[in-house]
Amino acid sequence: MNLTLTAKVRILPNEEQQSLLLKTRKAYMDACNEVSDYISSTHILNVAMLNQALYCSLREKYGLRSQMAQSVLRTVVARYKAILENQHEWIRPEFKHAELDLVWNRDYSLKAEVFSVNTLEGRVKFPFFSQGMESYFDGSWKFGTAKLVTKHGKWFFHIPMTKDIPEVSDAGISNIVGVDLGINFLAVSYDSQGKTKFFHGRHIKQKRAQYKKTRKSLQKKRTPSARRRLKKIGQREHRWMSDVNHQVSKALTAQNPSGSLFVLEDLTGIRQATEKVALKHRYETVSWSFYDLQEKLRYKARRNHSAVILVDPKYTSQRCPKCGHIHKLNRNKKTHIFTCRKCGYQSNDDRIGAMNLYRKGIEYLWSTVAAG
Ligand SMILES: [Zn+2]
């Protein structure tokens with residue numbers, strides 16, 4: 001199984017190097033546009049043919065070195081192919097935003113101390129923030145095409161990194177973690193040691209409500225500027241929620257050893273799962289977030305030689321984890337307290353959900369042992 005992630009590496013170019021990087025990026029963009037024009041009028045997508053026709057011009061006009069000229073041709077051809085594949089039409093891609101794509105080992109290299117990049121004036125070396133990067137230098141990661149990104153006066157290279165990771169087999173599981181996703185608590189986990197962890201969600205709920213209010217008032221206005229603001233706010237909310245999910249999934253994986261099995265509710269059928277809808281009726285707005293958190297956890301779990309399974313949410317909030325008694329009224333939705341009507345066991349209702357998911361994880365392992 002291939003695992004890919006994007007490392008955002010901050011580099012520290014001096015002033016002279018900064019202007020060189022900007023110049024290189026500008027030349028790269030202009031060259032891309034020239035190649036794009038050429039392809040638009042000739043419909044040639046063969047790199048060797050393009051090379052023959054354009055190579056000299058790219059070198060003389062834009063001062064590109066050989067490798068970078070190749071990189072420009074490949075970038076533009078790839079863009080055309082993607083457009084043809086998706087839209088089945090010859091649409092000329094425009095390279096508006098200055099971008100600089102660098103191919104690993106050809107245009108850049110990255111070692112434990114030095115980041116080396118091809119520019120208009122040959123190789124330039126930068127120091128970079130290597131903290132947290134150590135694990136990428138063990139030889140098991142492949143580095144992809146890096147993009148130069150500047151943000152608030154800081155300089156980054158975004159680098160996709162790929163690693164081949166073996167799938168976790170059920171036999172390698174040493175810890176089970178039930179994870180209940182919700183509103184008052186973003187997540188509650190219950191693990192094999194019997195430990196419960198709460199990820200509080202009240203401030204998230206408040207911020208969400210605020211976003212919703214702003215969205216509503218903007219929707220009423222129906223002006224172009226309101227629409228633009230609406231879009232912007234939507235993106236901001238999205239980024240913020242994605243970051244929250246990143247934190248929660250990171251904490252969940254950090255708090256559990258490798259070989260953990262995270263058990264979550266399968267929420268695909270939640271519209272039919274009436275019981276859950278009643279409480280989590282903000283389904284429309286939270287569904288994306290739940291899904292996003294699941295995906296992030298799945299991803300981080302893999303890195304940690306752990307796994308995520310989704311189970312049927314049936315009765316997870318009604319069943320007593322101590323005696324197994326199932327009853328709707330075991331749970332008080334207003335006070336968020338679960339009280340078993342048979343044995344009297346009492347706890348927070350989201351914690352009960354996590355405990356029941358934990359149990360479903362054990363059942364899952366039993367069933368695979370029995371089957372295998
Ligand atoms: Zn009970």
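Colleague: Is Phe-128 buried or exposed?

Modeller: Phe-128 is buried, at 7% relative accessibility. Buried means under 20% relative accessible area, exposed over 50%, partly exposed in between, with a 1.4 Å probe and protein chains only. Before we go on: this is a predicted model, where local features need pLDDT of at least 70, side-chain atom pairs count only at pLDDT 80 or more, and totals for chains, interfaces and linings use all residues. Residues are numbered from 1 along each chain as its sequence is written, and side-chain values use heavy atoms, with hydrogens and water left out.

Colleague: Fine. How many aromatic pairs are there?

Modeller: The count is 9. Rings of Phe, Tyr and Trp (its six-membered ring) pair if their centres lie within 6.5 Å; planes under 30 degrees apart are stacked, over 60 edge-to-face, the rest tilted. Phe-115 and Phe-128 have ring centres 6.0 Å apart and planes at 85°, so that pair is edge-to-face.

Colleague: Which parts does that pair tie together?

Modeller: Phe-115 sits in strand S4 (residues 114-119), and Phe-128 in the loop between strand S5 (122-127) and strand S6 (141-143), so the parts joined are 13 residues apart in sequence. Strands (E, at least two residues) and helices (H or I, at least four) are DSSP runs, numbered from the N terminus. Phe-115 is buried too, at 0% relative accessibility.

Colleague: And what about Tyr-211 and Trp-240?

Modeller: Their ring centres are 5.7 Å apart with planes at 40°, so the pair is tilted. Tyr-211 is buried at 11%, and Trp-240 is buried at 16%.

Colleague: Which residues form the aromatic cluster?

Modeller: Trp-104, Tyr-108, Phe-115, Phe-128, Phe-143 and Phe-157.

Colleague: Switching to the metal. What coordinates the zinc ion?

Modeller: The SG atoms of Cys-320, Cys-323, Cys-340 and Cys-343, at 2.2 to 2.3 Å. Donors are N, O and S atoms within 2.8 Å of the metal (3.2 Å for Na, K and Ca); water is not among the atoms, so sites may look incomplete.

Colleague: What geometry does the site have?

Modeller: Tetrahedral, with angles of 106 to 113° among the 4 donor atoms. The cut-off is that all angles of four donors lie between 85 and 135 degrees. The ideal for four tetrahedral donors is 109.5 degrees. The donor spacing in sequence is C-x2-C-x16-C-x2-C.

Colleague: Where do Cys-340 and Cys-343 fall on accessibility?

Modeller: Cys-340 is buried at 3%, while Cys-343 is partly exposed at 43%.

Notes
Four donors count as tetrahedral if all angles lie between 85 and 135 degrees; four count as square planar and six as octahedral if opposite donors are over 155 degrees apart and all others between 65 and 115; anything else is irregular.
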